[in-house]
Each structure stands twice: as structure tokens, then as C-alpha cells.
Amino acid sequence: MSDMTTTRPDPDRPGDLTGSGGEDISGGEGDYALSGFLPYQLSMASNAVSALIAERYRKRFGLKVTEWRVMAVLGDGAGARRGEPLTQRDLTAATLMDKVAVNRACKVLEDRGLVERTQNERDGRSHLLGLTEEGRAIYREVMPLAKATERELFEGFDPDEQASLRAMLERMRARAGMLAEQGG
């Protein structure tokens with residue numbers, strides 16, 4: 001007869017990855033199991049969702065994820081500046097993407113006629129970027145698809161779980177931002 005007990009971490013030792021018998025249950029070298037590492041889990045979830053969305057946007061609109069993110073921020077108006085064009089620096093801050101990726105996405109979108117660049121009257125060293133009429137039309141077409149994909153992803157999550165997940169992700173992003181501002 002085999003032992004059917006489940007091995008669990010010792011509740012009296014939070015963060016401990018050994019079972020009640022002292023065996024390593026981390027799934028890897030001590031407590032270095034990649035699968036249990038929060039940044040890895042967040043990255044894997046983000047990559048899986050991004051890959052799904054990218055395939056849908058690429059097939060229908062010829063957009064890569066970075067290009068769609070730039071369009072989404074421009075279409076959303078970045079909160080308080082709703083409807084106003086943004087600088088590439090604003091876009092980099094709003095998307096948390098690398099400035100080179102934002103620059104590339106803006107160039108592609110501008111070449112396709114989806115984004116227009118105008119002189120920044122407040123700062124002659126930068127330009128403002130905004131959606132063209134064609135860009136706004138694609139944005140209005142993509143948003144229902146994006147919301148439908150979000151609904152599909154949340155199937156099986158009750159409303160409280162959805163709200164909790166959103167709140168925890170926002171807190172995690174804010175905490176990471178605060179730590180980055182403090183110098184790591």
C-alpha cells in the first residue's frame with residue numbers, strides 16, 4: 001500500500017520549501033525553482049497572453065504587440081491627456097516598453113499612415129505622435145476584439161477573482177516602480 005499523503009510546506013516556517021519530512025519540494029535546486037519565481041511566472045503569463053493577442057492582431061490588422069500597445073495608448077489618450085498627442089518619452093513611460101521598441105513601433109505605424117508626427121510646440125527637441133483617422137478607425141475596430149479576448153481569458157474567474165487579480169497586479173507594478181525609483 002502506497003502513502004497517499006500530500007507533501008506541503010511547513011506552515012510554521014513561511015517561505016520554507018521543504019516538506020514535513022524535510023524533503024525538498026521546491027521542484028528544483030533548493031529554493032531556486034524557476035517555476036515558483038514570481039518574475040518568471042509574470043513573464044510567462046504576459047508572454048502567453050501577448051502571443052495570443054499578437055496572433056489575432058497580426059492576422060487581422062498586420063500589427064505586432066508593440067505596435068498595438070502604442071496605438072492603444074494613443075487611442076486611449078493616456079488618462080488625463082485624453083485625445084492629445086504624446087511624445088515618444090510619454091509612450092515609453094505609459095507602456096513600460098524599451099525606448100528602442102517604442103521608436104521602432106512608432107516608425108512602422110508612421111510608415112503605414114496610422115500615426116502622424118507633429119512638432120512639439122512646448123519642446124522643440126521632441127515631436128508629438130497621434131493617431132491618424134485611419135489609425136483611429138483601426139483602434140475602434142481592435143478594441144472590441146481586445147475586450148472579447150479579455151473576456152475569454154477571464155472565463156472561469158468569478159468577478160471577485162478578476163477584481164483581486166487586477167488589484168494585485170496594479171499593486172505589484174506600483175511596488176516595482178517604487179523600488180526602481182529608489183535605485184533597485
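Modeller: Helices (H or I, at least four residues) and strands (E, at least two) are DSSP runs, numbered from the N terminus. This is a predicted model, where local features need pLDDT of at least 70, side-chain atom pairs count only at pLDDT 80 or more, and totals for chains, interfaces and linings use all residues. Residues are numbered from 1 along each chain as its sequence is written, and side-chain values use heavy atoms, with hydrogens and water left out.

Biologist: Where is Ser50 placed?

Modeller: Ser50 lies in helix 1.

Biologist: Is Ser50 buried or exposed?

Modeller: Ser50 is buried, because its relative accessible area is 16%; buried means under 20%, exposed over 50%, and partly exposed in between (1.4 Å probe, protein chains only).

Biologist: What does Ser50 touch?

Modeller: Leaving aside residues up to four places away in sequence, Ser50 touches Val65 and Arg69. Contact means heavy atoms within 4.5 Å.

Biologist: Which residues of helix 2 are buried?

Modeller: Val65 is one of the buried residues of helix 2, along with Glu67, Trp68, Val70, Met71, Ala72, Val73 and Leu74.

Biologist: What do the buried residues of helix 2 pack against?

Modeller: Their partners are helix 1, helix 3 (88-95), helix 4 (99-111), strand 1 (115-119), strand 2 (127-131) and helix 5 (133-153).

Biologist: Changing topic, where is Leu42 found?

Modeller: Leu42 is in helix 1. Leu42 is partly exposed, because its relative accessible area is 36%.
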